[in-house]
Amino acid sequence: MKEDAVAVREFEVVIVGAGFAGLHMLYRARKKGLSVRLYEAGSGVGGTWYWNRYPGARVDIESMEYSYSFSEEVQQEWKWTERYSPQPELVRYAEFVADKFDLKRDIQFDSRVASAVFDEQTARWEIRLQSGEQVRARFCIMATGLLSAPNKPKIEGIESFAGPQPQTSLWPKEGVALEGKRVVVIGTGSSAVQAIPEIAKVASHLTVLQRTPAYAIPARNHAIDDVYQDKIKADYTGLREIEKNAFGGFVSLSFMDRPVPTKSALEVDEEERIAEYDTRWAAGGLSFYATFTDLLFSKDANETLADYVKAKIRERVKDPETAEKLIPKDYPILTKRLCADTNYYETYNRENVTLVDLRMNPIERITPAGVVAGGTLHECDVIVWATGFDAMSGALDRVDIRGRGGRRLKDHWSEGLRTFLGLMCAGFPNMVYMNGPGSPSAFFHPILLGEYQGEWIEQVIDDLGADPRATLEPRAESEDEWQRHSDELASLSLFPAAKSWYMGDNIPGKPRRMLVYLGSFASYRQHCEEAVANGYPKFRIEGRPASVAAVAS
Ligand code: NAP
């Protein structure tokens, strides 16, 4: 049968991904009366929280903050049980929101998008699923997540291992039997820092293979009751306003009165500085980012915090040799993601835990019996890959995306990821990325950013009007200008001094560039608003967008 003879369904909007950003986008598009379909590779909602089921997985921004703000009803009705919710509770929350707004009737699960190709004749995205099903859409919104494409290193013999070798980011639904097993964990980033203490409790022996040590701060998780939650719920709107202007988009609730740093770490005396670090250490969590204005910009300021945390690691780990291995030596603190831990360092005091420094003993190969590193075979029954993600672009690269003239998005990015506002690329009309590269993403509350971007996208769709041929994409020079601005901010910071996924370093061959916009959400929002004001000066618009013309006149 010829393809044309097959009925290809057409939607105004196709959304890819049922994480928090995608669900909110679906809610908005439906409310607007647009015909919309959401495709999701998993069998349920929740995005990153659907897939990352590893032992110990929980959010590290307080749940009262790491939640939707768009619906006061959701804010008031939902009750969290812990300061930092565990993964199953976060999935239940996503389910609750999806059910409340009856979103699932427009979601197709178990449907991985394989390609999205822009047809210039019809001004439509031709979207094909792995199953072969094809649909068309005027707008294609990629809510595919910034940390969703797992990174599994290519290591000789990897397929030969006799036991299970789960990745933290693709943990099997049915779980992995770890009780009484010899387990090797590879990696010591945020996922491993959460998983290691839990695995050590049940494994007969745990060997951690560490390439770069992390800096971790106690999370100090605890149960939260209704009285506490009701106090925050009494003025959720007020809290959300503070968050939007806070460093990172969250306040850490005990620091609500100090959401942005106001002083340099070097302008206060040592006593005041240490008192401040002590207060934050005792409170637990990621509030350290908002302690002083210059921790991410001045090496000297940064070292004051690094030295403080190094001393804490020495206190927490009994064996001085192990403590030294766990202390980061070659990058400024906060330039790789700070981890929030529960008994991470104390886990290395256990009899059944061994730490191997891969810098001294690199991994050579995997055999049926275990991992060979530095000439030693670490025999095990299970290998856990906590090796992170192809961040920001990985999920987009895994879809064959082709814009005008058949140009592949991968080729557009071959010399470094580039977008306009982290939202769109020149030559890819009516395709929008949520939490994309070049947006504040990893440095701003991802749910609130997704909500803001959802509003922005809705406005763009509205302004383009009903003309089915109208398209919008950033001008090439707008993209250049945004990249220059973003690169310049990064160059003023300490981020380039670390090898991190923020800079694309963890994926061999990925061009090095800061992938996160560092100019604050307030500034980002202003750029987004200016870009669409007064007739969309930063965009190339085709077709007959009556309402955009009206804005311009
Ligand atoms: P990650 O931070 O990228 O850590 C990956 C770890 O694997 C690193 O220690 C890395 O070492 C190591 N590794 C990678 N390839 C390796 C290789 N070939 N050989 C040996 N070691 C290798 O990944 P992640 O822990 O999954 O965390 C990613 C991000 O997800 C975090 O930064 C955070 O933003 C988010 N996250 C958040 C939470 C939360 O909210 N609670 C939890 C988990 C993750 P190198 O450092 O040397 O590359």
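Which residue lies over the face of Y331? It is K336, at 5.7 Å from the ring centre. A charge sits over a ring if NZ of Lys or CZ of Arg is within 6 Å of the ring centre and within 35 degrees of the ring normal. R280 provides another case, with its charged end over the ring of F255, 4.2 Å from the centre.

Please note that this is a predicted model, in which local features need pLDDT of at least 70 and side-chain atom pairs count only at pLDDT 80 or more, while totals for chains, interfaces and linings use all residues. Residues are numbered from 1 along each chain as its sequence is written, and side-chain values use heavy atoms, with hydrogens and water left out.

I turn now to ring pairs. Rings of Phe, Tyr and Trp (its six-membered ring) pair if their centres lie within 6.5 Å; planes under 30 degrees apart count as stacked, over 60 as edge-to-face and the rest as tilted. The count by this rule is 37 aromatic pairs. In one of them, the rings of Y344 and Y345 have centres 5.0 Å apart and planes at 65°, so this pair is edge-to-face. Y344 is buried, at a relative accessible area of 1%, where buried means under 20%, exposed over 50% and partly exposed in between (1.4 Å probe, protein chains only). Y345 is likewise buried, at 1% relative accessibility.

Finally, one aromatic cluster has among its members F20, Y27, W49 and Y66. Also in this cluster are Y68, F70, W78, W80, Y93, F96 and F101. Thank you for your attention.
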